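Hi,

Here is the structure I promised to pass on.

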Amino acid sequence: MGLFEGGPTGRGVYDTLRDQIVKLDLPPGTPLLRAELAELHGVSLTPLRDALQQLAKEGLVKIYPQSRTLVTPIDMSAIREAQFMRIALETEVVRRLAEEIAAEALTRLRSIVALQSSIMDQPGDVLTFQELDEVFHQTLFVAAGHVQSQRIMRSHAGHLERLRRLNLEDSDDAGRLLNNREVIQGHSQILDGIEARDAARAMDALRQHLQRTVDRMSEKQAAFPEYFTPEKP
């Protein structure tokens, strides 16, 4: 949940649109027509405007006054800034959890990884696997008692989330995810460090896990040039 400041109706529209944008159901360049969206979501223009303004603050849409609103391209400089913030915050979360974590929280995290393992080779469960990936990282923040920090981080991470989506969607001819074992291995290594009360080990595992996404940015830019903002020379 991001830092939306509008009413509950606008919150619902914001959540839906943001989810569609970061999952690339609304890819970069998609026009967002206010009248159509208001009718689709069954809302007036005011909560829709509030939702779009929040998405614009997060850099996920560009509003052209009296003209149009477009889903923005994925911005690589925004990805680097979001990655810096995420590593800074989440490694501190992991460090604190390695010092002290409730048994039930560790069990919950292990259960998420076990669920991922149980469906990782099932072509029909790609979306569930991806959602569990998000839940795992959210649960780290919850376990450390820093939910608001996770919300702040997420409000700056829309471009990074879209890149992660491109990475997670790599699949074979049968529709099985190709990177799922890397994801599960990364999660397991983080938890192993936490359970061993080895903060350095857990933090290093987290950094390596998070860095894989950005390491493949050039590859994804080459494969989907229409999705990205060209880098400045």
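Isoleucine 194 is buried, at a relative accessible area of 1% (buried means under 20%, exposed over 50% and partly exposed in between, with a 1.4 Å probe and protein chains only). Before I go on: this is a predicted model, where local features need pLDDT of at least 70 and side-chain atom pairs count only at pLDDT 80 or more, while totals for chains, interfaces and linings use all residues. Residues are numbered from 1 along each chain as its sequence is written, and side-chain values use heavy atoms, with hydrogens and water left out.

Back to isoleucine 194, which sits in helix 9 (helices are DSSP runs of H or I with at least four residues, numbered from the N terminus). Leaving aside residues up to four places away in sequence, isoleucine 194 touches Val94, Leu97, Ala98, Ile101, Leu140 and Ala202 (contact means heavy atoms within 4.5 Å). Valine 94 is 100 residues away along the chain, yet its C-alpha atom is 7.1 Å from that of isoleucine 194.

That takes us to helix 4 against helix 9 (residues 180-195): their axes come within 7 Å and cross at roughly 40°. Axes here are lines fitted to C-alpha atoms, for helices over the stretch in contact, with angles running from 0 to 180 degrees between N-to-C directions. The pair is therefore oblique (under 35 degrees is roughly parallel, over 145 roughly antiparallel, 65 to 115 roughly perpendicular, the rest oblique). Val94, Leu97 and Ala98 of helix 4 meet Ile190, Gly193 and Ile194 of helix 9. By class, that contact has five nonpolar, one polar and no charged residues (Ala, Val, Leu, Ile, Met, Phe, Trp, Tyr, Cys and Pro count as nonpolar, Asp, Glu, Lys and Arg as charged, the others, Gly among them, as polar).

On to helix 9 and helix 10 (residues 199-215): they pack at about 160°, axes 7 Å apart, so helix 9 is roughly antiparallel to helix 10. Residues in this contact include Glu182 and His187 of helix 9 and Arg201 and His209 of helix 10. The class count there is six nonpolar, six polar and four charged residues.

And which aromatic rings pair up? The structure holds one aromatic pair: phenylalanine 224 and tyrosine 227 are stacked, 5.4 Å centre to centre with 15° between the planes (ring centres within 6.5 Å, using the six-membered ring for Trp; planes under 30 degrees apart are stacked, over 60 edge-to-face, the rest tilted). Phenylalanine 224 is partly exposed at 27%, whereas tyrosine 227 is buried at 16%.

Cheers

Key:
Helices (H or I, at least four residues) and strands (E, at least two) are DSSP runs, numbered from the N terminus.
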